[in-house]
Number of protein chains: 2
Amino acid sequence: MSEAAFVGIDTGGNNTRGLVLAKGRVVAARETPTDTSGGEAVLRGMLRCFRELEDAAVRAGVRVAALGVGIAGYIDFDAGTVTESPNLPLRDLPLRDLLREEAGLPVVVDNDANAAALAENRLGAGRGCRHQVHLTLGTGIGGGIIIDGRLYRGASGAAAELGHLVILEEGPQTACGHRGCLEALASGLAIEREARLRLEGGWRPVGGTPGASGRVSAREVAEAARRGDRTAREIWREAGHHLGVGVACLVNAFNPQAVTFSGGMTGAWELFSEALLESVECYAVPLARRAARIEPTALGGRGGALGAALLAEEEARRH
Amino acid sequence: MSEAAFVGIDTGGNNTRGLVLAKGRVVAARETPTDTSGGEAVLRGMLRCFRELEDAAVRAGVRVAALGVGIAGYIDFDAGTVTESPNLPLRDLPLRDLLREEAGLPVVVDNDANAAALAENRLGAGRGCRHQVHLTLGTGIGGGIIIDGRLYRGASGAAAELGHLVILEEGPQTACGHRGCLEALASGLAIEREARLRLEGGWRPVGGTPGASGRVSAREVAEAARRGDRTAREIWREAGHHLGVGVACLVNAFNPQAVTFSGGMTGAWELFSEALLESVECYAVPLARRAARIEPTALGGRGGALGAALLAEEEARRH
């Protein structure tokens with residue numbers, strides 16, 4: 001009988017990434033834009049990705065034994081449903097059962113940041129850590145917590161909503177209406193909001209014309225910063241400072257061996273990590289600070305899909 | 001052979017509370033002021049308390065099998081040392097080994113809030129909860145975390161420093177120099193600071209003369225509030241509001257079945273709990289909020305000593 005393999009799919013507001021993991025090796029991978037025109041479209045996109053990976057698995061001589069899916073949103077893990085998602089048109093969707101019916105395999109559905117945390121713990125920057133906190137830094141901020149080497153889900157699968165740690169009461173608001181939380185102060189959207197405010201104040205980024213539309217993306221702010229733009233550098237430093245306050249809180253609460261980061265913003269690590277570490281030194285309790293290494297992903301953009309495949313492997317073992 | 005019993009001692013900056021626990025029942029208890037004139041004095045006070053409880057145990061027909069001690073301070077749990085304490089003259093003290101030598105029994109030393117959390121989980125407001133967060137609200141704010149029914153200590157025993165969650169960057173400072181953390185905004189000392197500022201601004205509390213010294217204790221602010229003083233009520237409400245922000249962060253991170261509270265401030269629960277719950281509703285993620293009950297201690301002032309005795313029982317089982 002051929003080797004068992006596990007498909008992991010990470011569906012975000014922009015891209016859907018999938019891969020096949022067999023014996024700890026990625027034997028096939030693919031990435032497509034996510035069609036967010038409706039819940040049906042998202043589901044069809046996932047299934048298409050799954051079918052293609054299944055075919056690729058056959059060609060690679062392995063047999064897919066389970067499917068794991070990571071979703072940017074609130075997941076009721078035990079029920080296998082997506083309660084709500086900020087960037088995907090999914091609400092109260094019994095995703096696990098729908099996919100199981102179509103795929104005819106064991107399926108597990110989890111929050112994308114949980115999946116990323118697991119991957120980082122097993123294969124990436126948190127390897128060997130018994131306790132670890134992971135943050136996904138993108139348009140929004142997600143979190144995953146590893147305790148005793150396993151994902152910690154809490155009483156109702158809602159643990160690790162770390163983008164919603166409040167670090168500045170009455171501070172700016174997120175898209176979902178929360179005030180002063182990490183996501184409102186240090187996410188990609190927060191960087192874009194700060195940039196917009198500066199543009200309105202007359203800022204003209206060095207070497208770019210993003211001001212024309214009155215908007216500038218976090219990536220464009222990073223590019224301007226790398227060209228030496230002082231305002232752009234300041235925007236990233238401020239985000240790093242806020243992030244560091246949140247990381248200090250996590251260090252004080254969890255006393256982990258590592259705090260790790262993934263997501264699009266980690267591509268600008270050199271622009272915000274110094275300010276982040278300064279804040280951690282300032283706000284963390286020394287005994288806990290000394291125990292924690294603080295590191296960006298070792299898995300690039302693949303962490304979420306890898307973690308989803310690892311979850312699938314755990315699920316298959318249960319069957 | 002007589003029934004095994006466990007001595008628990010909770011040493012704080014004001015009082016030392018001790019008790020003997022046998023078969024889940026308290027068979028003797030005592031409370032004395034803590035002599036904080038020096039490290040030696042603190043140690044002598046603990047030993048005196050232990051000897052008296054040992055005698056009481058003999059009279060009650062039980063045999064003391066282990067000693068547990070809860071200390072308000074940073075504890076290196078594995079080493080059994082008190083690294084530092086804000087309110088006790090202890091620093092880098094190998095307390096466990098010193099007590100073990102004197103007592104001739106297994107000894108365990110832990111943070112007082114950890115001990116209180118364990119007691120609340122086994123015998124109090126958190127009974128039956130798999131995951132629980134506990135806050136001790138006194139002069140300072142301490143924390144204890146129960147995960148999977150056991151105390152969570154983190155990578156180096158420094159977990160659950162929940163008084164140091166930052167909820168207002170650049171906010172007011174604690175005695176130990178941390179800014180904007182829960183302890184700086186919602187502890188007994190924070191209430192006293194706010195009261196002092198109001199006194200300086202001309203406030204004269206209803207029915208009291210605490211203004212004479214230019215100081216007023218948190219207890220006096222509570223008394224004034226109960227007499228209908230609007231400023232005093234506002235001070236407690238504000239503390240409750242800040243506490244609720246911190247509790248929301250803990251709910252979002254840990255998704256516990258319960259968040260529980262003990263310590264002197266819980267005596268004024270009716271003065272701040274409404275504001276606390278309002279903040280939680282505002283800042284917590286609904287899925288996590290619904291899972292968590294939020295309740296004051298069911299053990300009065302005895303939680304710390306009870307928890308220390310429960311730790312002693314666990315320690316004895318290991319031998």
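## Helix H8 of chain B

The face of H8(B) turned away from its buried side carries the exposed residues B:Glu270 and B:Glu281. The buried residues of H8(B) are B:Leu271, B:Phe272, B:Ala275, B:Leu276, B:Ser279, B:Val280 and B:Tyr283. Seen down the helix axis, these buried residues fall within an arc of 145°, so they line one face of H8(B); the arc is that of the directions from the helix axis to the C-beta atoms. An α-helix has 3.6 residues a turn, so residues three or four places apart point the same way.

H8(B) covers residues 269–283, and its 15 residues should span 21 Å at 1.5 Å a residue; the end C-alpha atoms are 20 Å apart, which agrees. The expected span is 1.5 Å times one less than the number of residues. Helices (H or I, at least four residues) and strands (E, at least two) are DSSP runs numbered from the N terminus. The buried residues of H8(B) pack against helix H6 (218–226), H7, helix H9 (286–291) and strand E13 (293–296) of chain B.

## Model and confidence

This is a predicted model, in which local features need pLDDT of at least 70 and side-chain atom pairs count only at pLDDT 80 or more, while totals for chains, interfaces and linings use all residues. Residues are numbered from 1 along each chain as its sequence is written, and chains are lettered from A and ligands numbered from 1 in the order in which they are written.

The average pLDDT of chain A is 94, and 98% of its residues score at least 70; pLDDT is the predictor's confidence in each residue, from 0 to 100. For the complex, the predictor gives an ipTM of 0.94 and a pTM of 0.95.

## Contact between the chains

Chain A and chain B each put 35 residues into the contact. Two residues are in contact if their C-beta atoms, placed from the backbone, lie within 7 Å. On the side of chain A that touches chain B, the elements giving two or more residues are helix H7 (230–254) and helix H9 (286–291) of chain A. H7(A) gives the most, with six residues.

By class, this side of chain A has 23 nonpolar, nine polar and three charged residues. Ala, Val, Leu, Ile, Met, Phe, Trp, Tyr, Cys and Pro count as nonpolar, Asp, Glu, Lys and Arg as charged, and the others, Gly among them, as polar.

## Nonpolar core

The largest nonpolar core has 230 residues, of which A:Val20, A:Val221, B:Val20 and B:Val221 touch the most other members. Such a core is a set of buried Ala, Val, Leu, Ile, Met, Phe, Trp, Tyr and Cys residues joined through C-beta atoms within 7 Å. Not counting residues up to four places away in sequence, B:Val20 touches residues including B:Ala5, B:Val7, B:Leu53, B:Ala56 and B:Val64.

In chain A, A:Ala56 lies in helix H1 and counts as buried, with 20 C-beta neighbours inside 10 Å. Leaving aside neighbours within four places in sequence, A:Ala56 is in contact with A:Val20 and A:Ala28. A:Ala56 and A:Ala28 are 28 residues apart in sequence and 6.3 Å apart in space, C-alpha to C-alpha.

Helix H5 (residues 188–200) of chain A has 13 residues and reaches 18 Å from its first C-alpha to its last, close to the expected 18 Å. A:Gly188, A:Ala190, A:Ile191, A:Glu194 and A:Ala195 are buried in H5(A). They cover an arc of only 160° around the axis, which puts them on the same side of H5(A). A:Leu197 and A:Glu200 are exposed on the other side of H5(A). The cover over the buried residues of H5(A) includes helix H4 (182–186), helix H6 (218–226) and H7 of chain A. Just after H5(A), A:Gly202 takes a positive phi of about 105°.

In helix H2 (residues 95–103) of chain A, the buried residues are A:Leu95, A:Arg96 and A:Leu99. Their arc around the axis is only 95°, which puts them on the same side of H2(A). A:Gly104, which follows H2(A), has a positive phi near 65°.

## Positive phi outside glycine

A:Glu170 is not a glycine, yet has a positive phi of about 65°. A:Glu170 is found in the loop between strand E11 (150–151) and H4 of chain A, and counts as exposed with 10 C-beta neighbours inside 10 Å.

B:Asn255 is not a glycine either, and has a positive phi of about 45°. B:Asn255 is found in the loop between helix H7 (230–254) and strand E12 (258–262) of chain B, and counts as buried with 28 C-beta neighbours inside 10 Å.

Terms used: A residue is buried if 20 or more other C-beta atoms lie within 10 Å of its own, exposed if 12 or fewer, and partly exposed in between; C-beta atoms are placed from the backbone.
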